[in-house]
Structure formats: structure tokens, C-alpha cells
Amino acid sequence: MTQTIRFPDGFLWGASTSAYQIEGSPLADGAGPSIWQRFVHTPGNIRDGDTGDIACDHYRRWEQDVELMKQIGLQAYRFSINWGRVLPQGRGAVNQAGLDFYDRLVDRLLANGIKPMVTLFHWDLPEALDNQGGWLNRDIADWFADYARVMYGKLDDRVTSWATLNEPWVVADGGYLHGTLAPGHRNRFEAPIASHNLLRAHGAAVKAYREMGGKHDIGIVVNIEPKYPATNSPADVDAAARAHAYMNAQYLDPVFLGRYPEKIKDVYGEAWPEWPAEDFELIKQPIDFVGVNYYTRSVNKDDALAYPVRATPLRQTSATYTETGWEVYARGLTDTLTWVAQRYGNPPLYITENGAAFFDPPVAEGGRINDPLRVDYYQKHLRAIHDAIEAGVDMRGYCAWSLLDNLEWAHGFSKRFGLVHVNFATQERTLKDSAYYYRELIASNGKVL
Ligand SMILES: OC[C@@H]1[C@@H](O)[C@H](O)[C@@H](O)c2nc(CNc3ccccc3)cn21
């Protein structure tokens with residue numbers, strides 16, 4: 001007898017996107033370029049030479065996209081603000097047209113009963129700030145807080161869920177250590193500095209929100225990938241611990257505990273600086289929720305040559321893998337959520353991203369797109385969330401990644417995560433079967449699982 005699954009009353013069902021991945025029009029109406037403008041137009045950085053110049057053309061098709069959200073029955077929509085659209089130089093003069101775009105979007109969402117969940121920074125740093133050192137300049141904490149104040153001032157009368165950053169680990173690891181993401185640096189001494197300044201900026205934005213009398217929810221969004229040792233040998237167990245400290249604990253420990261995990265020094269070695277104590281007073285501002293982005297796990301083997309964690313993920317022979325090479329492992333989501341709850345005092349949690357890129361068949365007759373692997377992925381992971389809820393984790397909501405097929409960063413348009421298919425040649429949108437499945441899930445508060 002399968003148990004009838006019930007999610008808590010008021011559990012919030014949504015979908016997520018980010019500005020640079022869907023908006024297009026990166027320089028329209030006075031917007032200033034982000035670091036992605038230069039990065040995508042540098043040959044070799046993005047598969048097939050794809051760019052965010054048009055993407056999903058959401059900057060112009062936003063009304064149609066809100067209609068799609070309504071068709072799916074979304075209760076919430078998580079999106080990010082393009083910092084440079086609002087502050088073309090990253091600081092100083094406000095671009096009213098940019099602010100108006102987000103103002104109109106928020107109003108239209110609310111008019112359709114959809115809760116806006118705003119992320120202030122999803123990787124698209126204004127180029128003008130990068131030219132002043134960007135995340136390597138300690139002043140960026142103040143620059144980010146000033147930008148946050150502009151957004152709070154404009155939208156906090158209607159936006160009740162704010163996230164400061166999306167995935168500081170990816171910004172530091174991809175943008176400053178491995179160079180796979182903008183701004184494309186490859187420097188092991190820069191990565192911890194960028195990472196630390198991202199956390200300082202988070203704290204400064206939370207502090208600014210509290211100081212202006214903000215009464216709504218503000219939090220941070222982190223990607224968490226549970227790390228399992230390949231064997232129970234001390235070498236593999238320690239390798240998994242290093243990988244865990246680097247990707248996972250390095251972010252939530254400072255925010256909740258006011259310190260880095262001890263193991264991080266073993267990861268970075270000589271590249272790890274000493275930090276001023278007052279930085280942690282700033283970083284550990286109390287927050288109202290944690291957004292968890294979960295996609296996969298990794299099984300790690302000790303490997304002295306794998307910088308910086310000296311651990312190599314091993315492919316699992318009997319597992320299903322997505323188009324991005326990530327193992328489908330829903331149990332890892334339950335383990336992740338219980339780890340966060342137990343380590344940080346059971347804070348309110350949202351899944352702010354969860355989804356998969358699979359090869360989708362072309363649009364069939366009648367406009368159907370059959371994506372059974374994605375439906376199965378969602379079913380498995382929502383059951384895993386329910387297991388965490390049963391274990392006492394304070395789960396508040398779930399946002400699928402992503403509403404639309406979009407620009408998957410260095411992968412270009414080759415990896416499709418959307419509930420909605422986008423024909424990038426025509427900009428035609430088509431709901432996939434997974435969108436119809438998600439609509440039933442939402443309408444039944446998860447009972448159809
Ligand atoms: O890759 C899918 C999404 C991406 O489109 C989002 O913008 C971003 O927030 C996001 N984060 C992850 C999880 N972590 C990750 C791991 C390695 C490289 C890049 C992201 C997946 N995704």
C-alpha cells in the first residue's frame with residue numbers, strides 16, 4: 001500500500017530562472033554590461049558561441065511568460081535582478097527603465113497570485129565593478145548593500161522573499177579558481193578572497209535590510225552536493241570531508257556559526273588567508289531561510305592531484321546520469337536537508353533549484369513534448385523532500401529549475417532544464433509533459449506523487 005503523500009498546508013510550489021539566462025537585451029534601455037557580456041563574446045568560452053544577447057527574450061516577452069506560469073499554476077516565481085540593468089555602473093546613478101522592468105514584473109506576478117521570490121545576485125556582476133576589482137575588492141560589500149537598498153526601496157512593499165546571493169561557491173570556484181565562468185580567472189589565491197567577499201556582501205545586504213526596518217524574509221541560496229566516500233578507508237573518508245568543507249560547509253558555517261570549517265585550511269593550504277574577526281560579525285547576520293539548490297551527489301576517492309580538494313568523484317556504474325553528467329540520486333537530497341537541519345538548528349528551508357537536463361524529443365504532433373526522464377526526476381526528488389519533512393525538516397517550498405529552457409552558462413543552449421521548451425530560433429514556448437505533471441502536483445499539494 002503506497003502511502004498518500006501530503007505536503008504541509010501552505011507549502012509553496014514555484015519555478016526558478018535567472019536574469020542573464022533568460023532576459024536577453026543586456027544593454028537595452030540604459031542597462032550596463034555585466035561580466036557575462038565580455039565573457040560570452042570571448043571566443044571559446046561558450047559552447048557553439050551562444051550568448052545571452054537574446055536568450056529567451058524574456059525582457060520583451062515577460063508578459064507571455066507570466067501567462068505560462070499561470071497556465072502551470074505556479075504559486076511562486078523565483079527570479080534574479082540584473083544588477084547592471086538597475087545600476088549601469090554598479091553604483092551611483094539608477095537606470096529608471098531597468099527598475100521599471102522589475103517593478104512591472106512584480107506587479108503582474110502579484111496580479112496573477114504568484115509570489116515573487118527575488119534573488120539580488122545570480123552571477124551577473126556589473127562590468128564596471130569588475131573593473132574595480134569586483135569580488136576581489138573588499139569595498140564590494142558596501143557596493144552590494146547600496147544596490148540592495150535600491151531594490152528594497154523599490155520593491156519591499158510587494159516582495160516578501162529576498163535572497164542576497166545565488167551560490168557563492170559556483171562564483172568563486174567557476175569564476176576565480178577554474179575560470180570556467182565569468183570573470184574567467186584561474187587563481188587559487190583569488191578564489192578564497194572572492195568567496196569571503198561574497199559572504200561579506202551577503203551580510204552587508206542583510207544588515208542593510210534590517211536597518212531599513214525590513215519586515216519580510218531574507219536569506220541566502222547555496223548549492224549543496226553531499227559528498228560520500230568511495231570506500232571507508234581513512235584516505236577516502238578524509239577526501240569526502242575536504243570536498244564537503246569546500247563546496248558545502250564553507251558557506252553555511254560562516255553564516256550560521258560565524259566561522260569557517262577547520263577542514264577548509266587543509267583544502268586551500270598556503271592560499272588560505274587569515275580573516276579579520278569583525279568580518280564574521282558581518283557575515284553571520286541572522287537570516288530567515290536558506291535556499292538549497294540540489295541537483296546531485298558525488299562519491300569521492302582520495303586523489304592528491306585533484307586541486308583544491310584532492311578528491312575525485314567516481315562515476316556510479318548502475319546510476320542514471322543527466323545531460324550535464326550529474327548522477328540522479330534523490331536520496332542525496334534527503335541527506336542534504338537533514339544535514340542542514342541538524343547542523344544549523346532547523347532553519348526554514350526552500351528548495352530554490354532542483355531539476356535536470358535530459359535530451360528532449362522535438363515537439364510532437366499536437367504540441368506535446370514527452371520528457372519522462374524529467375518527470376521521473378521530479379517525482380523521485382519530491383518524494384525525497386517528503387522524507388525530509390517526515391524527519392522533521394522545516395521545508396517551506398520548492399522551486400523547479402527551470403521554468404524555461406535557457407542559456408546554461410558555458411553549455412550555451414545545449415542543455416535544456418525547462419518545464420517549458422523554448423525554440424530559440426522562433427522563441428516559441430511549448431509546455432513539456434513535465435509542466436503538465438508539475439501542474440497536477442501543485443493542484444494536489446503533492447498528493448499525485
Ligand atoms: O546548471 C543548472 C543550474 C544553472 O542553470 C543555475 O543558474 C545555477 O543556479 C545552478 N547551480 C547548479 C548547481 N551547481 C553547480 C555545480 C557545478 C557547476 C555549476 C553549478 C545548477 N544550476
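## The largest cavity

The lining of the largest cavity divides into four nonpolar residues, four polar ones and one charged one. Here Ala, Val, Leu, Ile, Met, Phe, Trp, Tyr, Cys and Pro count as nonpolar, Asp, Glu, Lys and Arg as charged, and the others, Gly among them, as polar. The lining consists of Y20, P26, L27, G32, P33, S34, Q37, N82 and D124. A cavity is a set of points, on a 1 Å grid over the protein atoms alone, where a 1.4 Å probe fits but cannot get out; lining residues have an atom within 4 Å of a point.

The volume of the largest cavity is about 60 Å³, counted as the space filled by probe spheres set on the points, with grid points joined across faces, edges and corners. Five cavities of 30 Å³ or more are found in the whole structure.

## Basis of the model

The model is predicted: local features need pLDDT of at least 70 and side-chain atom pairs count only at pLDDT 80 or more, while totals for chains, interfaces and linings use all residues. Residues are numbered from 1 along each chain as its sequence is written, and side-chain values use heavy atoms, with hydrogens and water left out.

## The ligand

Around the ligand are 15 residues (a heavy atom within 4 Å), and the closest are Q21, H122, E167, E353 and E408. By class, this shell has eight nonpolar, four polar and three charged residues.

An N or O atom in the side chain of E167 is 2.6 Å from a nitrogen atom of the ligand. Oxygen atoms of the ligand lie 3.3 Å from a polar side-chain atom of W401 and 2.9 Å from one of W409.

Key: A polar contact is a pair of N or O atoms within 3.5 Å; within protein, one must be able to donate a hydrogen and the other to accept it, and residues adjacent in sequence count only if both atoms are side-chain atoms. On a 1 Å grid over the protein atoms alone, a cavity is a set of points where a 1.4 Å probe fits but cannot get out, and a pocket is an open set with protein on both sides within 12 Å along at least five of seven lines; lining residues have an atom within 4 Å of a point.
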